[in-house]
Amino acid sequence: MSLGLWQDRPPEEALETARAAEAAGYPELWIGEMATWDAFALGTAIGAATSHISLTFGPLAVTVRDPATVAMGVASVAALTGRSTGVALGTSSDVVVRGWHGRSRSRAATALEESAVAVRQLVSGDKSTVDGLVVGSRGYRLRLAAPKAPVTIAAFGPRALDVAARCADRMVVNLVSPAAAATLVRGMREAAARAGTTPPPVAAWVVGAVDPGPAEIEQLRRGVVGYLAAPGYGEMFRAAGFGDLVDFARTRPHPRELLAAVPVEAIATVGLLGSPAEIAAKAREYAEAGIDELAIVPATSDGDPGGAKTLAACRSAVVPFDA
């Protein structure tokens, strides 16, 4: 499962969600990084609050965190918690990279590939040798034990799919419909065929809420607002039948107006929503699309703090990925 890090909930709820995921039997916890927690600090706290769940960090923005700091962070958490760790890399967005951090996103795909190579060297215990066009690392070796962390690449556009096909142990896609997931899986496999590499497995982050109430629906509606006008994502929602909503989003209305226009059906397009039977049926669609792993991003509320109810229901209902 993956932490939602919802802005309408107390930040400390992340620890409750982590404990609920471990109790429900999830083998892996993804810890992203956006506006609240430093991912590695939160991962260390989660390691102290749980007993065995493995921890994967990211996707981390490759033009914000350099390969040496990524590798040091992963190795630090592995050493302090004794957990298996992984790392995911991505290019993030203009808002995060340019706006929040004042960094450039130019040649983002090149930065993604160079970071993947350098991070893999470092987490494997090797000395870094990458002198990249955008990012790199030369002459550094971890002082802590090498965590041997697998490297996941977050991909959505064609160039990122190429990087994933050539450099990833796993690819991850976020907030996509089964139809869009199938297109991305196909694109990555075609890129792997061109490169002569073995296609990596593909994970999908999907929001989830079992029998959601008004609070969960509102939270998930807020979560899709920022994607409706985005290139690629807008076209995905249009293909799912929400063209008028996408057109409205691209007029740049006030966020409150756009939020009010988002129907629950739009959320259901990109997640597991409804009864356990409906969740199981949607999970099968993702499996049929070529997704190998689902990472549940549970909605949380006062009625389901930490998302424990949703996590338990999804773990019971989503069986194709465990078969």
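Visitor: Which feature does UniProt place at residues 10–293?

Guide: The UniProt record, an unreviewed entry, gives "domain: Luciferase-like" for residues 10–293. In this predicted model, that span is 50% helix and 16% strand, and its end C-alpha atoms lie 28 Å apart.

Visitor: Let's look at helices, then. How is a packed pair described?

Guide: Two packed helices are described by the angle between their axes and by the distance between those axes.

Visitor: What are those values for H2 and H3?

Guide: Helix H2, residues 39–49, and helix H3, residues 67–81, have axes 9 Å apart and pack at an angle of about 15°. Angles under 35 degrees count as roughly parallel, and H2 and H3 are therefore roughly parallel to each other. The crossing in which H2 passes H3 is right-handed.

Visitor: Which residues make that contact?

Guide: From H2 the contact uses Phe-40, Gly-43, Thr-44 and Gly-47, while H3 contributes Thr-69, Val-70, Gly-73, Val-74, Val-77, Leu-80 and Thr-81. Sorted by class, the contact of H2 with H3 has 5 nonpolar and 6 polar residues, with no charged ones.

Visitor: And at what angle do H3 and H5 pack?

Guide: H3 and H5 pack at an angle of about 40°, and their axes are 9 Å apart. That angle makes H3 oblique to H5, and H3 passes H5 in a right-handed crossing.

Visitor: Who meets whom there?

Guide: On the H3 side there are Pro-67, Ala-68, Val-70 and Ala-71, and these meet Ser-115, Ala-118, Val-119, Leu-122 and Val-123 in H5. The residues of this contact of H3 with H5 divide into 8 nonpolar and 1 polar, and no charged residue takes part. Val-70 in H3 is listed in this contact, and Val-70 is also listed in the contact with H2.

Visitor: How do H5 and H6 cross?

Guide: The axes of helix H5, residues 108–123, and helix H6, residues 158–167, come within 9 Å and cross at roughly 20°. H5 and H6 are therefore roughly parallel to each other, and H5 passes H6 in a right-handed crossing.

Visitor: What classes of residue are in the contact of H5 with H6?

Guide: In H5, the residues Ala-109, Thr-110, Leu-112, Glu-113, Ala-116 and Arg-120 meet Arg-159, Ala-160, Val-163, Arg-166 and Cys-167 in H6. The residues of this contact divide into 6 nonpolar, 1 polar and 4 charged.

Visitor: Changing topic: how many aromatic pairs does the structure hold?

Guide: The structure holds 4 aromatic pairs. One of them is formed by Trp-30 and Trp-205, which are edge-to-face, at 5.6 Å centre to centre and with 90° between the planes.

Visitor: Where do those two Trp residues lie?

Guide: Trp-30 lies in strand E1 (residues 28–31) and Trp-205 in strand E8 (residues 202–210), so the pair ties together parts that are 175 residues apart in sequence.

Visitor: Now the backbone. Which residues does a cis peptide bond join?

Guide: A cis peptide bond joins Gly-58 and Pro-59, with omega about 10°. Pro-59 belongs to strand E2, which covers residues 54–61.

Visitor: What about Ser-92, is its phi positive or negative?

Guide: The phi of Ser-92 is positive, near 60°, in a residue other than glycine. Ser-92 is found in the loop between strand E3 (85–90) and helix H4 (94–100).

How values were computed
Residues are numbered from 1 along each chain as its sequence is written. This is a predicted model: local features need pLDDT of at least 70, side-chain atom pairs count only at pLDDT 80 or more; totals for chains, interfaces and linings use all residues. Side-chain values use heavy atoms; hydrogens and water are left out. UniProt positions are given in the numbering used here, feature names are shortened, and annotations may be inferred rather than shown by experiment. Helices (H or I, at least four residues) and strands (E, at least two) are DSSP runs, numbered from the N terminus. Axes are lines fitted to C-alpha atoms, for helices over the stretch in contact, and angles run from 0 to 180 degrees between N-to-C directions. Angles under 35 degrees count as roughly parallel, over 145 as roughly antiparallel, 65 to 115 as roughly perpendicular and the rest as oblique. A crossing is left-handed if the near helix is turned anticlockwise from the far one by less than a right angle, and right-handed if clockwise. Contact means heavy atoms within 4.5 Å. Ala, Val, Leu, Ile, Met, Phe, Trp, Tyr, Cys and Pro count as nonpolar, Asp, Glu, Lys and Arg as charged, and the others, Gly among them, as polar. Rings of Phe, Tyr and Trp (its six-membered ring) pair if their centres lie within 6.5 Å; planes under 30 degrees apart count as stacked, over 60 as edge-to-face and the rest as tilted.
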